[in-house]
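Please prepare a briefing on the model displayed below.

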Amino acid sequence: MDAPAADPAPFDIAARVLHRDGMMLVIDKPAGLAVHKGPKGGETLADHLDALRFGLPAAPELAHRLDKDTSGCLVLGRHRKALADLGRAFADGTVGKTYMAVVRGVPAEGRGRIELKLSKRSPTRGWWMAVDPKGQEAISEWEKIAEGEGFAVLALSPLTGRTHQLRVHLDAIGHPILGDSIYGGASRLPGGPILHLHSRRVVIPQKKGREPIEARAPLPPHMRATLERAGFDPAALEALADAAVFTRRAGSA
């Protein structure tokens, strides 16, 4: 007689903390975990925030957002003033953000800048975006750090913070992200490819005279597996992404 299956290990959000100080936390959000409750319910990051109080009276709150299927660096403010300061830094474009993505096809150039305005496709589905000349400004930069048979690995930086910006921009230039079921045509059936988009690095400015806060999140298992099958060393690609240099949005510090 087979032994009963063991219960899955509980999700340990505290083990995913990349940086912690009195003002903020940076955590490594796993792919597949939504940051907010949605109409379909289910587990979200909000269910775990109380475990990140670390002695403070209130749980931390989101300073920005990541898509449910995007993994990596997510910044949380630990109190009201911290949230206000972090919110301004993200809005002003002074937070450095580096993402890694595996995309379909190989861009002809080594790097590029995408300036395509975006707007909502539907008033009832606010997360569903499209390129629209009358939409909001959206600017992304990318650098090719590896290529294989029919795919490339890019380091990217969204200089603006629109919903699904990198996903829509890459699809618009003919290089959708592997596993993107919304914009890239990937299967939505269970067992299909997972979105290959990862928030690798954040650099958060501090007051004058203080070094910026920098945090890095390792590539998630599904992206590591894809790259290793293709013969790449994920750690080497992480280093190349970290070394990529991007500009800042006009008017930012």
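This is a predicted model: local features need pLDDT of at least 70, side-chain atom pairs count only at pLDDT 80 or more; totals for chains, interfaces and linings use all residues.

Residues are numbered from 1 along each chain as its sequence is written, and side-chain values use heavy atoms, with hydrogens and water left out. Helices (H or I, at least four residues) and strands (E, at least two) are DSSP runs, numbered from the N terminus.

**Confidence**

- The mean pLDDT of the chain is 89, pLDDT being the predictor's confidence in each residue on a scale from 0 to 100.
- A pLDDT of 70 or more is reached by 87% of the residues.
- Over residues 1-8 pLDDT stays under 50, and the model has zero contacts there beyond four places in sequence; a contact means heavy atoms within 4.5 Å.

- Strand β2 (residues 24-29) is largely enclosed by the rest of the structure, because six of its six residues are buried; buried means under 20% relative accessible area, exposed over 50%, and partly exposed in between, with a 1.4 Å probe and protein chains only.
- M24, V26 and D28 point one way from β2, while L25, I27 and K29 point the other way, and all are buried.
- Strand β1 (residues 17-20) runs antiparallel to β2 and is joined to it by three bridges; two strands pair if DSSP finds at least two bridges between them.
- The hairpin formed by β1 and β2 has three residues between the strands.
- β2 also pairs with strand β4 (residues 71-77), in the antiparallel sense and over six bridges.

- β4 is mostly covered, with seven of its seven residues buried.
- Strand β3 (residues 61-62) is joined to β4 by two bridges, and the two strands run antiparallel.
- In this pairing, L62 stands opposite L76 in β4.
- With strand β11 (residues 197-204), β4 pairs in the parallel sense over two bridges.
- S71 has H198 as its bridge partner in β11.

- Six of the eight residues of helix α2 (residues 165-172) are buried, and the helix is mostly covered.
- The buried residues are Q165, L166, R167, V168, H169 and L170.
- H164 lies in the loop between β10 (151-158) and α2.
- Phi of H164 is positive, near 55°, in a residue other than glycine; H164 counts as buried because its relative accessibility is 9%.
- G174 follows α2 and has a positive phi, near 90°.

**Packing of helices α3 and α4**

- Two packed helices are described by the angle between their axes and the distance between the axes.
- The axes of helix α3 (residues 221-229) and helix α4 (residues 234-243) come within 9 Å and cross at roughly 110°.
- α3 is therefore roughly perpendicular to α4; angles of 65 to 115 degrees fall in this class, those under 35 count as roughly parallel, those over 145 as roughly antiparallel, and the rest as oblique.
- R224, L227 and E228 in α3 meet P234, L237 and E238 in α4.
- By class, this contact of α3 with α4 has three nonpolar, no polar and three charged residues; Ala, Val, Leu, Ile, Met, Phe, Trp, Tyr, Cys and Pro count as nonpolar, Asp, Glu, Lys and Arg as charged, and the others, Gly among them, as polar.
- Axes are lines fitted to C-alpha atoms, for helices over the stretch in contact, and angles run from 0 to 180 degrees between N-to-C directions.

**Partly exposed positions**

- F54 lies in the loop between β2 and β3 and has a positive phi of about 50°, although it is not a glycine.
- F54 is partly exposed, with a relative accessible area of 30%.
- A84 lies in helix α1 (residues 80-92) and counts as partly exposed at 36% relative accessibility.
- A84 and A63 are 21 residues apart in sequence and 8.4 Å apart in space, C-alpha to C-alpha.
- G105 is placed in the loop between β5 (96-104) and β6 (111-115) and, at 24% relative accessibility, counts as partly exposed.
- Not counting residues up to four places away in sequence, G105 touches G150, F151, A152 and H175.
- G105 and F151 are 46 residues apart in sequence and 4.5 Å apart in space, C-alpha to C-alpha.
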